[in-house]
Amino acid sequence: MEEEALHFHFDVDGNNFASAGEASVQVKRLLRQMGFSPDTIRRISIAMYEGEINMVIHAHGGDADVYVYPDKIRVVLSDTGPGIKDVSLAMQEGYSTAPDNIRSLGFGAGMGLPNMKRYSDKLEVRSTVGVGTVIEMEFISA
Amino acid sequence: MTIREIAQILGASVHTAEEELLDKDIETAFGSDMMSDVLAFADEGSVLLSGLLNPQVIRTAHMLDMPCIVFVRGKKATPEILALAEESRIVVLETPIRLYSACGRLYTAGLDSR
Ligand SMILES: Nc1ncnc2c1ncn2[C@@H]1O[C@H](COP(=O)(O)OP(=O)(O)OP(=O)(O)O)[C@@H](O)[C@H]1O
Ligand SMILES: [Mg+2]
């Protein structure tokens, strides 16, 4: 039997770099209202923000779904972008395909996916080239 | 070190809608123009020094619960960025000093990194 969860959905606009991260800001606010610990909220915010930025700079945007359970939070980021050819390579620190114009915006050091792994308790990346990417993260709440 | 003291040391102009935020005590600092590195390496609650100017600098700081951003090298925050900072309850400082020197001054005055 599936535990009951609160579900929040966000559209992540892929054509607007300035608005990237708005979903993560809203999730941070919601989790604070729900009384989760600052530490848990920070881990989720950072990891979700990395994923949200990735969807905007690598995949023309996508969907963010957050499921809040009594003892854990699940974040699912899905896009229909170009996909990731070699996921284990993409997971390595310093690997990035971001072009120079992204680097001049402050991103593209190849640190996002490793950071998402570090801050989540479980990370799953499912990606098919030409179809898209789904990233699922789970956070046990303290 | 309080945000007020940081502003004094850097001769910075101060932008905040909440004067009382200036009394907030900060223990650590991080300087970078790469938000990727801030997200991966900075300690939560630090003051962020950066020469990069775009809305994602504010969001990055917000995610890390950073209470203050110092824009270095004379970068002037746009009204859009100031509004976003205010919404996030982040104090914005602007100093003409360059990144290395600004970090050096704060370090000399006793602000460390973890
Ligand atoms: N949603 C995505 N769709 C397609 N490719 C992606 C996606 N997310 C990540 N990637 C690929 O994986 C690489 C590594 O991602 P990662 O987030 O670690 O680094 P980055 O985004 O390039 O830089 P940083 O996160 O440090 O700003 C990216 O450069 C890109 O090639
Ligand atoms: Mg990234």
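This is a predicted model: local features need pLDDT of at least 70, side-chain atom pairs count only at pLDDT 80 or more; totals for chains, interfaces and linings use all residues.
## Chain A: order of elements and overall form

Along the principal axes, its C-alpha trace spans about 40 × 30 × 25 Å.

Let's look at how chain A is packed. Of its 142 residues, 52% count as buried. Among contacts in chain A with a separation of 6 or more, 64% are between residues 24 or more positions apart. The accessible surface of chain A comes to about 7,000 Å², and carbon and sulfur atoms account for 50% of that area. As for charge, chain A carries 13 positive and 20 negative side chains, with the centres of the two sets 6 Å apart.

## Helix 5 of chain A

Helix 5 of chain A, residues 112–119, is worth a visit. Six of its eight residues are buried, so this helix is largely enclosed by the rest of the structure. The buried ones are Gly112(A), Leu113(A), Pro114(A), Asn115(A), Met116(A) and Tyr119(A).

What covers these buried residues? From chain A, the cover includes helix 2, strand 3 (72–79), helix 3 (87–90), strand 4 (122–128) and strand 5 (132–140). Chain B takes part too, with its helix 2 (35–41) included in the cover.

## Chain B: order of elements and overall form

Now to the partner chain. Along its sequence, chain B reads α-β-β-α-β-α-β-α-β-α, with five helices and five strands. A compact globule of 114 residues would have a radius of gyration near 13 Å, and the 12 Å of chain B agrees with this. Taken along the principal axes, the C-alpha atoms of chain B fill a box of roughly 35 × 30 × 25 Å.

In chain B, 55% of the 114 residues count as buried. Of the contacts between residues at least 6 apart in its sequence, 50% join residues at least 24 apart. Its accessible surface is about 5,000 Å², with 50% belonging to carbon and sulfur atoms. Chain B has 10 positive and 17 negative side chains, and 7 Å lies between the centres of the two sets.

## The nonpolar cores

The largest nonpolar core holds 58 residues, and the members that touch the most others are Val75(A), Phe107(A), Met137(A) and Ile58(B). Helix 2 of chain A, residues 38–59, gives the most to this core, contributing 10 residues. Another core, of 22 residues, lies apart from it and includes Ala7(B), Ile26(B), Ala29(B) and Leu93(B).

Beyond its neighbours within four places in sequence, Ile58(B) is in contact with Ile69(B), Phe71(B), Ile81(B), Leu84(B), Ala85(B), Ser88(B), Ile90(B) and Val92(B).

## Two arginines with positive phi

Most residues other than glycine have a negative phi. Arg73(B), though not a glycine, has a positive phi of about 55°. Arg73(B) sits in the loop between strand 4 (68–71) and helix 4 (79–87) of chain B. Its relative accessibility is 35%, so Arg73(B) counts as partly exposed.

Arg89(B) is not a glycine either, yet has a positive phi of about 55°. With a relative accessibility of 46%, Arg89(B) counts as partly exposed.

Methods. Residues are numbered from 1 along each chain as its sequence is written. Chains are lettered from A and ligands numbered from 1 in the order in which they are written. Side-chain values use heavy atoms; hydrogens and water are left out. Buried means under 20% relative accessible area, exposed over 50%, partly exposed in between (1.4 Å probe, protein chains only). Contact means heavy atoms within 4.5 Å. Accessible areas come from the Shrake-Rupley method with a 1.4 Å probe; for residues, only the protein chains shown count as cover. Lys and Arg count as positive and Asp and Glu as negative; His and the chain ends are not counted. The place of a charge is taken as NZ of Lys, CZ of Arg, CG of Asp or CD of Glu. A nonpolar core is a set of buried Ala, Val, Leu, Ile, Met, Phe, Trp, Tyr and Cys residues joined through side-chain atoms within 4.5 Å. Helices (H or I, at least four residues) and strands (E, at least two) are DSSP runs, numbered from the N terminus. The radius of gyration is taken over C-alpha atoms; the globule rule is 2.2 Å times the number of residues to the power 0.38.
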